[in-house]
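Please read them with the structure open.

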Amino acid sequence: MPPIRTIPMNTVQPHLCAKALDKAYRKGEHKVPVLRGVDISLHRGEFLSIVGQSGSGKSTLMHLLGLLDEPDQGEVWLDGVRIDRLPMATRDELRNHVFGFVFQFYHLLPELNLLENVLSPLMIRHSVIDFWRKKRQLREQGMEIIEKVGLSHRVRHRPSELSGGEMQRAAIARALAGRPSVLLADEPTGNLDARTGQEIMSVLHKLNESDQLTIIMVTHDDAIASQAERIVRLSEGRIQSLEDAA
Ligand code: ADP
Ligand code: MG
């Protein structure tokens, strides 16, 4: 029998972490600070929700964590590697492979059907020739995630033929088509009624549990937030821990 490798707890590094993030936006002559020393750390497979008032910097923080924008100060680390100061091309590559994004409004392409929407990031990632060579495999990958979000019966439908909840599930499938390890969901239920929002939460829970997907979800809805494993509040530019949820 091979020896059992034991990893002391204190050497288990976080999957994603941010250290002392500062971000200010310029407003005319002035710089308006939004984030002022944000620390946050997640282990792989964690489901964290971030609550905070409108304008508190939740979206800004998501952009920094997902490498869509750069902090003024501070650091972002993934699996023990600092990722916020990498060359632009490396960051783009990393963003495309590691992070999936979901927003309040689904941003689906209206002229493409569901499967094409889901595959669109993979088309962009691969060269045309490469995409055609791997088309069967990528389609299977797309169909697999479409099934996971419960939309197998809508594959050929265009966004205009889908309900709000279905559009958000399609957007989740698209975000996950490239098999990222972190899903950044910014107000994913913000445009949905309570029941449909609950369906989206079920999908997120399922993906979190079955695929060890790390999820960071921003919401201003306390009932939605409390369904995550852990809640933090963004207030006055900093993260405040709340009691563990659920
Ligand atoms: P939240 O998502 O919590 O509502 P945001 O991160 O969107 O907050 O915004 C935080 C603050 O930063 C707001 O005052 C907003 O107006 C400002 N802000 C956000 N993005 C920009 C930007 N690109 N340029 C200038 N100001 C911005
Ligand atoms: Mg926002």
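1. A cavity here is a set of grid points where a 1.4 Å probe fits but cannot get out. A volume is the space filled by probe spheres set on such points. The model is predicted, so local features are given only where pLDDT is at least 70. A search of the whole structure finds 1 cavity of 30 Å³ or more.

2. Which residues line the largest cavity? They are Met62, His63, Phe101, Val102, Phe103, Leu184 and Asp186. H1, E6 and E7 are the elements that each give two or more residues to this lining. By class, the lining of the largest cavity has 5 nonpolar residues, 1 polar and 1 charged.

3. The largest pocket is a separate item to inspect. About 490 Å³ of space lies in the largest pocket. Its lining holds 19 residues, and Asn96, Phe101, Pro121, Arg174 and Ala175 are the closest to the centre.

4. Which elements give two or more residues to the lining of the largest pocket? They are helix H2 (88-98), strand E6 (99-102), helix H3 (114-125) and helix H6 (164-176). H3 supplies the largest share, 5 residues. The lining of the largest pocket divides into 10 nonpolar, 6 polar and 3 charged residues.

5. Next, the ligand site. The residues around ligand 1 are Tyr25, Val34, Gln53, Ser54, Gly55, Ser56, Gly57, Lys58, Ser59 and Thr60. By class, this shell has 2 nonpolar, 7 polar and 1 charged residues. Helix H1 (residues 58-65) gives the most to the shell, with 3 residues.

6. In the side chain of Lys58, an N or O atom is 2.9 Å from an oxygen atom of ligand 1. Ser59 has a polar side-chain atom 2.9 Å from an oxygen atom of ligand 1. For Tyr25, the side-chain N or O atom is 3.5 Å from a nitrogen atom of ligand 1. How much of ligand 1 does the protein bury? Alone, ligand 1 exposes 560 Å², and the protein buries 58% of that.

7. H1 takes part in both sites. It contributes to the shell around ligand 1, and it gives two or more residues to the lining of the largest cavity. Is H1 mostly covered or mostly open? It is mostly covered, with 6 of its 8 residues buried. The buried ones are Lys58, Thr60, Leu61, Met62, Leu64 and Leu65.

8. Most residues other than glycine have a negative phi. Leu67, which follows H1, has a positive phi near 60°. Ala20 is not a glycine, yet its phi is positive, about 50°. Gln212 also has a positive phi, near 55°.

9. Where do Ala20 and Gln212 sit? Ala20 is in strand E1 (residues 16-27). Gln212 is in the loop between helix H7 (194-211) and strand E8 (214-218). Is Ala20 buried or partly exposed? Ala20 has 39% relative accessibility, so it counts as partly exposed. Gln212 has 45% relative accessibility and therefore also counts as partly exposed.

10. Gly178 is found in the loop between H6 and strand E7 (182-186). Buried means under 20% relative accessible area. Gly178 has a relative accessible area of 15%, so it is buried. Gly178 and Glu29 are 149 residues apart along the chain, and their C-alpha atoms are separated by 42 Å.

11. Pro33 is placed in strand E2 (residues 30-42). Its relative accessible area is 45%, so Pro33 is partly exposed. Pro33 and Leu242 are 209 residues apart in sequence, and 23 Å apart in space from C-alpha to C-alpha.

Technical notes: Residues are numbered from 1 along each chain as its sequence is written. Chains are lettered from A and ligands numbered from 1 in the order in which they are written. This is a predicted model: local features need pLDDT of at least 70, side-chain atom pairs count only at pLDDT 80 or more; totals for chains, interfaces and linings use all residues. Side-chain values use heavy atoms; hydrogens and water are left out. On a 1 Å grid over the protein atoms alone, a cavity is a set of points where a 1.4 Å probe fits but cannot get out, and a pocket is an open set with protein on both sides within 12 Å along at least five of seven lines; lining residues have an atom within 4 Å of a point. Helices (H or I, at least four residues) and strands (E, at least two) are DSSP runs, numbered from the N terminus. Ala, Val, Leu, Ile, Met, Phe, Trp, Tyr, Cys and Pro count as nonpolar, Asp, Glu, Lys and Arg as charged, and the others, Gly among them, as polar. A residue is near a molecule or strand if one of its heavy atoms lies within 4 Å of it. A polar contact is a pair of N or O atoms within 3.5 Å; within protein, one must be able to donate a hydrogen and the other to accept it, and residues adjacent in sequence count only if both atoms are side-chain atoms. Accessible areas come from the Shrake-Rupley method with a 1.4 Å probe; for residues, only the protein chains shown count as cover. Buried means under 20% relative accessible area, exposed over 50%, partly exposed in between (1.4 Å probe, protein chains only).
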